[in-house]
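Dear colleague,

I am handing over the structure below, and after it you will find my notes on what turned up in it. Please read them with the coordinates open beside you.

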Amino acid sequence: VAPEIAQLARTKAEEIDRTVRRVSVPDTSSRWGSFSHNGCLSFSWRLVFAPRDMLEYVVCHEVAHLLEHNHSPAFWAAVARLCPGYEPARAWLRKHGATLYAYG
């Protein structure tokens, strides 16, 4: 699953003329994804148990941080550009995300 997430992140980053330096898929207990200012992205391995559109939303969310290092309107515009119609996936994550922590 890590190669699939890494490829998706790199493809999405190319859409906004950014580069992903590294992708990791650690065992996190509090975040679905994170980014560093130098282009490194991390994603929880538990995302493999989520619906595909939710995984794509999380990847797009973190890739959008390569443009905007905050959650400003410009950031959310970048998310919408990378993941049109992301709102249902975001709502799913808010409603059901905690159930994914039952794995592992």
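K12 and E15 are separated by about one helical turn, because they lie 3 residues apart in helix α1 (helices being DSSP runs of H or I with at least four residues, strands DSSP runs of E with at least two, both numbered from the N terminus). Their side chains meet in a salt bridge with an N to O distance of 3.7 Å, where a salt bridge is a side-chain nitrogen of Lys or Arg within 4 Å of a carboxyl oxygen of Asp or Glu. K12 counts as buried at 14% relative accessibility, whereas E15, at 37%, counts as partly exposed; buried here means under 20% relative accessible area, exposed means over 50%, and partly exposed lies in between, with a 1.4 Å probe and protein chains only.

Before going further, please keep in mind that this is a predicted model, in which local features need pLDDT of at least 70 and side-chain atom pairs count only at pLDDT 80 or more, while totals for chains, interfaces and linings use all residues. Residues are numbered from 1 along each chain as its sequence is written, and side-chain values use heavy atoms, with hydrogens and water left out.

The structure holds 4 salt bridges, and side chains of opposite charge can pair when their charged atoms come close. A second salt bridge is formed by the side chains of D27 and R46, at 2.7 Å from N to O. This pair links distant parts of the chain, since D27 sits in the loop between β1 and β2 (33–35) and R46 in the loop between β3 (40–43) and α2, 19 residues apart.

Salt bridges that share partners join E4, R52 and E56 into one network.

E62 also has its place in helix α2, which covers residues 52–64, and there I would ask which side chain of opposite charge is nearest to E62. Leaving aside residues up to four places away in sequence, E62 touches G33, S34, F35, L41 and F43, a contact meaning heavy atoms within 4.5 Å.

Two loop residues are worth a look on your screen. D17 is found in the loop between α1 (2–15) and β1 (22–24), where D17 has a positive phi of about 55 degrees although it is not a glycine; at 67% relative accessibility, D17 counts as exposed. H69 is found in the loop between α2 and α3 (73–82) and is partly exposed, with a relative accessible area of 38%. With residues up to four places away in sequence not counted, H69 touches F35 and H37, and the C-alpha atoms of H69 and H37 are separated by 7.8 Å, although these residues are 32 apart along the chain.

As for the chain as a whole, it has 4 helices and 3 strands, which follow the pattern α-β-β-β-α-α-α when read along the sequence. A compact globule of 104 residues would have a radius of gyration near 13 Å, and the chain agrees with this at 13 Å; the radius is taken over C-alpha atoms, and the globule rule is 2.2 Å times the number of residues to the power 0.38. Along its principal axes the C-alpha trace spans about 35 × 25 × 20 Å. Buried residues make up 41% of the 104 residues, and among contacts between residues at least 6 apart in sequence, 45% join residues at least 24 apart. The accessible surface comes to about 5700 Å², of which 52% belongs to carbon and sulfur atoms, the areas coming from the Shrake-Rupley method with a 1.4 Å probe, and for residues only the protein chains shown count as cover.

Notes
Lys and Arg count as positive and Asp and Glu as negative; His and the chain ends are not counted.
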